[in-house]
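My entries follow the display.

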Amino acid sequence: PDGYLLPSHLFEWRIDTSGPELTVKETQVSDVYQDMPAIDRRRLGRPVRHGWCTTVDGDGPWGFEFAGINHLDLETGKDDRWEPGEMERAGEPFYVPASADAAEGEGWVLTWLYDRTVDRSSLGVLDATDVAAGPVARIKLPVRVPYGFHGLWLPDA
């Protein structure tokens, strides 16, 4: 609405520091409207292949809001997304590796899922590289978790 909250796209910025002046190259990574990107935190500061974002619905009956989950394979450029529909919405994704030495992308994506039909949330678990299949598990919560509630996975060790 009038440019207040517009759906966003994911961009990559490459900053070249090799010359006498910095140069920046900006490339749009995907045409999917999305926000709140996540990667395997073990890969911070290094090249990544897999990324996950919350998709954005800017035209729904409730206006601008988060919608589903998108997996981006940055090597192939393929988007793999799950869109649950207007009565259920996903929150920020966070990636959990299957084990401490799991390959990048081998693991799970956790997200808060809000169900409008009961005004409650659940913790959704998706296969990190097969997001389109939808949640493989849902842990029902007795309350609603608000949009924008951030989470982070830390292993026991």
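**Salt bridges**

I found that D73 forms a salt bridge with R49, with the closest N and O atoms 2.8 Å apart. This pair links distant parts of the chain, 24 residues apart: D73 is in strand β5 (residues 63–73) and R49 in the loop between β3 (34–38) and β4 (50–60). I noted that the model is predicted, that local features need pLDDT of at least 70 and side-chain atom pairs 80 or more, while totals for chains, interfaces and linings use all residues. Residues are numbered from 1 along each chain as its sequence is written, and side-chain values use heavy atoms, leaving out hydrogens and water.

I took a salt bridge as a Lys or Arg side-chain nitrogen within 4 Å of an Asp or Glu carboxyl oxygen; by this rule I count eight. Strands are DSSP runs of E, at least two residues, numbered from the N terminus.

I then checked burial (buried under 20% relative accessible area, exposed over 50%, partly exposed in between; 1.4 Å probe, protein chains only). D73 is buried at 10% relative accessibility, and R49 is partly exposed at 30%.

R116 forms a salt bridge with E65, the closest N and O atoms being 2.5 Å apart. Both R116 and E65 are buried. Salt bridges with shared partners join D57, E65, R89 and R116 into one network.

R42 forms a salt bridge with D40 at 2.6 Å between the closest N and O atoms. R42 is partly exposed at 29%, whereas D40 is buried at 1%.

Definitions and conventions: Helix = DSSP H or I, 4+ residues; strand = E, 2+ residues; numbered from the N terminus.
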